[in-house]
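I opened my notebook to get to know a new structure. Here is what I looked up, entry by entry.

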Amino acid sequence: MKYMLIMNTPRDGYTQYMNWPKKILEANVAFMQAFTKKLRDAGELVGGEGLASPEQAKLVRAGKDGKPITDGVFPEFKEFLAGYWVVDVESPERALQIAAEASTAPGQEITGADGKPITHLWIEVRQILGGHKEL
Amino acid sequence: MSLDLRVEHLLRDLAPQVLGATVRRFRDFAASEDAVQEALIAAAAQWPRDGVPENPHGWLVRVAQRRMADHARSEISRQIRESVIAEGAPGAVEPVTDDEPEIDPDDTLVLLFMCCHPALTPASAIALTLRAVGGLTTAEIAKSFLVPESTIGQRISRAKQSIKSSGIGFHMPDADERAQRLGSVLHVLYLVFNEGYTTSAGTALHRTDLSNEAIRLTRAVHSLLPDSGDVAGLLALMLLTDARRAARTGPSGELIPLDEQDRTRWDRQAIADGVALAGAALSRGAVGEYQLLAAIAAVHDEAECAEDTDWPQILALYGMLMRLSDNPMVGLNHAIATAMVNGPEAGLALLAPLDNDARLRGNHRLDAVRAHLLERAGEHEAAIELYRKAATRTASVPERDYLMLKAARLNS
């Protein structure tokens, strides 16, 4: 069964991240690389991506002529997708276990969307829909 | 049949025999399996272009064994480089000769016992079985499971590590162990079949290959163990289920439930083969789960239309299955059969105890079945609510669509 493990960040999370001391940043990058490699070696990694800062993000919809109308990201948006992993695992429990480990990435306390400090980021775990067997 | 396809079939049939011959000579299963895989890939490139050699089995064995010799040589030079080699150790390389390699039909079985060993995780066992016994490439397996090639590669190498560390050898397990180990083999083949039977839009083609592969391997086991009722039962179950393949999904991948399928699209030949196998398997005495599931599938397949289904017979078979298995899914199906014979209220009464089964907690199937029975009982409001609840819980897109539409139709 496949799950997406989602890491969200508060609006200014990227700026906070950029300003972490070198040592912490290095430890964070090393953790992420090792973590991803471990998933790959376990035969559980399907894929994953990190996303660029939401600063340049655009909201898009089609205008009357079908051409895109864009807008900046609304100020009321508090949380943004920072990145995700897709894993293929034997059980839902295993997906939770991987997510818990992902949440322990070393980092400096960042300030969450609610203004409170966060030490371990929450990782959102969502099952990916697939085909059907029988009804 | 095109030459490419003929070569592909030939290679898949030869794969376990070539691997058996190579493992017997070199003793190193992990390296032999890699070498055979390389030989198969080389043949798949060369044979369609240059023609199939006169002795394809011998050709593959020689290429695989040459790879093994290369592997042993580079292994030795690596050990020398790392200066950890004990004096005299390199003598292990055996010269590659052109002797006619022996073919042992039991190799397929011995390899299956190895690759499906319960010490391996199901995902690892499946990947290794498809490659080592099925002769599929890592890329083909990855495509079927919709994961990257490197992920399948890792599962295979982990499977080999488990085999090595558990000391599972390349030999036929003794009589005492055979029955239990055969159970693991059949379980892995059943998982492969189910994986292929699970459709998802756009990828149906590749996944169908997995069902075909499971049937092919189970057929091979059946020809080696013709007296096993479990093997015959599993093969029958696969054939009888697969016979409905063309009818079970609509043009855009939507799910068509059994009672709404166009039965003229069912594969009559597969049904006839499956019914014959299931009948023979049932008459062999001790009846296991696969035989019963096959018998149930046979009763469905033999009905000209959904209304003709012999539900009392199906109910009796589920009753027997209940005595063999405490799987709550069997309980759900037993409740459905009861509802078909004795009315929806009788079925609903049987669902009540399943509410407390921890294995069904959060599972959409209980809600979906109850919704269905409530609908038949005329309790539409309650049915709509449960169809929607089931739709949010299922992990399948076609099933979610089906359940949402059921709710919407009842609502209008």
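Predicted model: local features only at pLDDT ≥ 70, side-chain atom pairs only at ≥ 80, totals over all residues.

I began with chain B and counted 18 helices and zero strands. Helices here are DSSP runs of H or I with at least four residues, strands are runs of E with at least two, and both are numbered from the N terminus. Residues are numbered from 1 along each chain as its sequence is written, while chains are lettered from A and ligands numbered from 1 in the order in which they are written.

**Chain B as a whole.** I looked up the extent of the C-alpha trace of chain B, and along its principal axes it spans about 80 × 45 × 45 Å. Of its 412 residues, 41% are buried. A residue counts as buried if 20 or more other C-beta atoms lie within 10 Å of its own, exposed if 12 or fewer do, and partly exposed in between, with C-beta atoms placed from the backbone. I then turned to contacts, meaning pairs of residues whose C-beta atoms, placed from the backbone, lie within 7 Å. Among contacts in chain B between residues at least 6 apart in sequence, 61% join residues at least 24 apart.

**Domains of chain B.** I found domain 1 (1-85), domain 2 (107-167 + 178-225), domain 3 (234-245 + 262-304) and domain 4 (310-412); such bounds come from an automatic or database domain assignment. Taken over C-alpha atoms, the centres of domain 1 and domain 2 of chain B are 19 Å apart. In this pair, 13 residues of domain 1 of chain B are in contact with 13 residues of domain 2 of chain B. On the domain 1 side, α1 (3-26) and α2 (29-50) of chain B each supply at least two residues, and α1(B) gives the largest share with seven. I noted eight nonpolar, three polar and two charged residues on that side. For these classes, Ala, Val, Leu, Ile, Met, Phe, Trp, Tyr, Cys and Pro count as nonpolar, Asp, Glu, Lys and Arg as charged, and the others, Gly among them, as polar.

**A covered helix.** How many of the 13 residues of α16(B) are buried? I counted eleven, so the helix is mostly covered. Among them are H364(B), D367(B), R370(B) and E375(B). The cover includes α14 (328-342), α15 (344-351), α17 (380-393) and α18 of chain B. Just after α16(B), I saw that G378(B) takes a positive phi of about 85 degrees.

**Chain A.** I counted three helices and eight strands in chain A, in the order β-α-α-β-β-β-β-α-β-β-β along the sequence. The C-alpha trace of chain A spans about 50 × 45 × 25 Å along its principal axes, and 16% of its 135 residues are buried. I also looked at E93(A), which lies in helix α3 (residues 92-102) of chain A. Is E93(A) buried or exposed? E93(A) is exposed, because it has 9 other C-beta atoms within 10 Å.

**Where the chains meet.** I found 24 residues of chain B in contact with 17 residues of chain A. On the chain B side, α5 (122-133), α7 (149-166), α8 (175-197) and α18 (397-411) give two or more residues each. By class, that side has eleven nonpolar, nine polar and four charged residues.

Methods
Contact = placed C-beta atoms within 7 Å.
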